[in-house]
Amino acid sequence: MEKPGFYAILPSPVRYDRRLSASEKVFFAEITALSDQCGYCYAGNGYFSELYDTSDRTVQRWVKHLQELGYVWHDVSADPAYRLFLAP
């Protein structure tokens, strides 16, 4: 798998949020990098599970936790395309 070659951003509210695991913080930073191109993250759970050598279920938990904390939101109307947006 080809690894992305662009910068990721980890804003201080996410970086210092003790409710997030280190993996969730890195995952959020990856979402920011992929969002830079289109304004949203187009990669699905399979992409992230392969990139980080983890299960799809783990990625689903990361997404859910970031959503619960208000850091990202998922556009369900975009199906079948997967779009994950950074919260303003």
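Where does leucine 86 lie? I looked it up in this predicted model. Leucine 86 has its place in strand 2.

**Leucine 86**

I checked its accessibility next. Leucine 86 comes out at 31% relative accessibility, so I noted it as partly exposed. Then I listed its contacts, leaving aside neighbours within four places in sequence. Leucine 86 touches Phe28, Ile31, Thr32, Ser35, Tyr71, Val72 and Trp73. I also took a distance to leucine 66, which is 20 residues away along the chain. The two C-alpha atoms are 9.6 Å apart.

**Aromatic pairs**

I turned to the rings. A pair of aromatic rings is described by the distance of the centres and the angle of the planes. I counted seven aromatic pairs. One of them joins phenylalanine 27 and tryptophan 62.

My next pair was tryptophan 73 with phenylalanine 85. The centres are 4.5 Å apart and the planes are at 15°, so I called the pair stacked. Tryptophan 73 belongs to strand 1 (residues 72-74) and phenylalanine 85 to strand 2 (residues 84-86), so the pair ties together parts twelve residues apart in sequence.

Buried or partly exposed: which is tryptophan 73? At 40% relative accessibility, tryptophan 73 is partly exposed.

Last entry: ring pairs link Phe27, Tyr47, Phe48, Tyr52 and Trp62 into a cluster.

Definitions and conventions:
Residues numbered from 1 in each chain as written. Predicted model: local features only at pLDDT ≥ 70, side-chain atom pairs only at ≥ 80, totals over all residues. Heavy atoms only, no water. Phe/Tyr/Trp six-rings, centres within 6.5 Å; stacked < 30°, edge-to-face > 60°. Helix = DSSP H or I, 4+ residues; strand = E, 2+ residues; numbered from the N terminus. Buried < 20%, exposed > 50% of the residue type's maximum accessible area, 1.4 Å probe, protein only. Contact = heavy atoms within 4.5 Å.
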